[in-house]
Amino acid sequence: MEGDTFLWLVRHAIVNGVAGTIHASDAPADLNDRTQLEALRRQLPQDARSYASPSRRTVDTARALGRDPILVPEFREQDFGDWTGQRHDDLAAAGGESYAKFWSDPARSRPPGGESFEDQIVRVRQGLDQIETGPASLVVHSGTIRAALCIALDLTPQAALRFVINPLSLTRIDRLSNGWRVLSVNQCVA
């Protein structure tokens, strides 16, 4: 792809649901922090194309930021398969071997019926290839942002999982004609 692409990656607002749950894609966002949303909206370029994961919480957040996003399925959060809708505490307490084994190598392991973080990276790379040159805002998930950082910094998947990506944080990366540039990660805009 010719030309430079300037990416504003926003993690969606917190999920309006039970904390510690592996939320399904239809989980809504809690958009009550209007001050934070407005501060973040002011940081996004007005002339940018807007993209989002098709999950309800990302679309809700994008619209609260005044965006009408193009939905990119490749930007979905990691698929946790059979664990979706369950609480981490309940999965750990159940003593299932697959849950403990997953956390021994979370970059390569797949939950039952789900995908690995490595699988997600492949997907996100395909999604990034769809972004046109110029400025773009992406309202996505923490795993999607970690995957983009993995690609931009040429990290191992295990290393990329070390990034903390908070709700309503801003990460700035650019895809330049000669490689990637990282401007900020997990910036809290106030």
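This note goes through selected features of the predicted model above, point by point.

1. Basis of the note. Because the model is predicted, local features need pLDDT of at least 70 and side-chain atom pairs count only at pLDDT 80 or more, while totals for chains, interfaces and linings use all residues. Residues are numbered from 1 along each chain as its sequence is written, and side-chain values use heavy atoms, with hydrogens and water left out. Helices (H or I, at least four residues) and strands (E, at least two) are DSSP runs, numbered from the N terminus.

2. Helices H5 and H6. Two packed helices are described by the angle between their axes and the distance between the axes. The axes of helix H5 (residues 117–128) and helix H6 (residues 142–153) come within 9 Å and cross at roughly 75°, where axes are lines fitted to C-alpha atoms, for helices over the stretch in contact, and angles run from 0 to 180 degrees between N-to-C directions.

3. The residues between H5 and H6. On the H5 side, Phe117, Gln120, Ile121, Val124, Arg125 and Leu128 take part, and they meet Gly143, Thr144, Arg146, Ala147, Ala148, Cys150 and Ile151 of H6; contact here means heavy atoms within 4.5 Å. Sorted by kind, the residues of this contact are eight nonpolar, three polar and two charged (Ala, Val, Leu, Ile, Met, Phe, Trp, Tyr, Cys and Pro count as nonpolar, Asp, Glu, Lys and Arg as charged, and the others, Gly among them, as polar).

4. Ser116. This residue belongs to the loop between helix H4 (97–104) and H5. Ser116 has a relative accessible area of 1%, so it is buried (buried means under 20% relative accessible area, exposed over 50%, partly exposed in between, with a 1.4 Å probe and protein chains only). When residues up to four places away in sequence are not counted, Ser116 touches Gln78, Ala107, Arg108, Ser109 and Arg110.

5. Aromatic rings. A pair of aromatic rings is described by the distance of the centres and the angle of the planes. The structure holds five aromatic pairs (rings of Phe, Tyr and Trp, the last by its six-membered ring, pair if their centres lie within 6.5 Å; planes under 30 degrees apart count as stacked, over 60 as edge-to-face and the rest as tilted). In one of them, the ring centres of Phe80 and Phe102 are 6.0 Å apart and the planes stand at 65°, so this pair is edge-to-face. Phe80 lies in the loop between strand S3 (70–71) and helix H3 (88–93), whereas Phe102 lies in helix H4, so the pair ties together parts that are 22 residues apart in sequence. Phe80 counts as buried at 15% relative accessibility, and Phe102 is buried with a relative accessible area of 2%.

6. Trp83 comes from the loop between S3 and H3 and Phe102 from helix H4, so the pair ties together parts that are 19 residues apart in sequence. Trp83 is buried, with a relative accessible area of 5%. One aromatic cluster is formed by Phe80, Trp83, Tyr99, Phe102 and Trp103.

7. Helix H2. Within helix H2 (residues 56–64), the residues Arg57, Thr58, Val59, Thr61 and Ala62 are buried. The buried residues of H2 pack against helix H1 (34–43), strand S2 (49–52), S3 and strand S4 (134–140). Just after H2, Gly66 takes a positive phi of about 80°.

8. Pro167 and Leu168. Both residues are found in the loop between helix H7 (157–160) and strand S5 (169–176). Pro167 counts as partly exposed at 32% relative accessibility, whereas Leu168 counts as buried at 7%. Pro167 and Arg11 are 156 residues apart in sequence, yet their C-alpha atoms are 5.2 Å apart in space. Leaving aside neighbours within four places in sequence, Pro167 is in contact with Arg11, His12, Ala13 and Ile14. Leu168 has a positive phi of about 55°, although it is not a glycine.

9. Asp154. In the loop between H6 and H7, Asp154 has a phi near 55°, a positive value in a residue other than glycine. Asp154 counts as exposed, at 70% relative accessibility.
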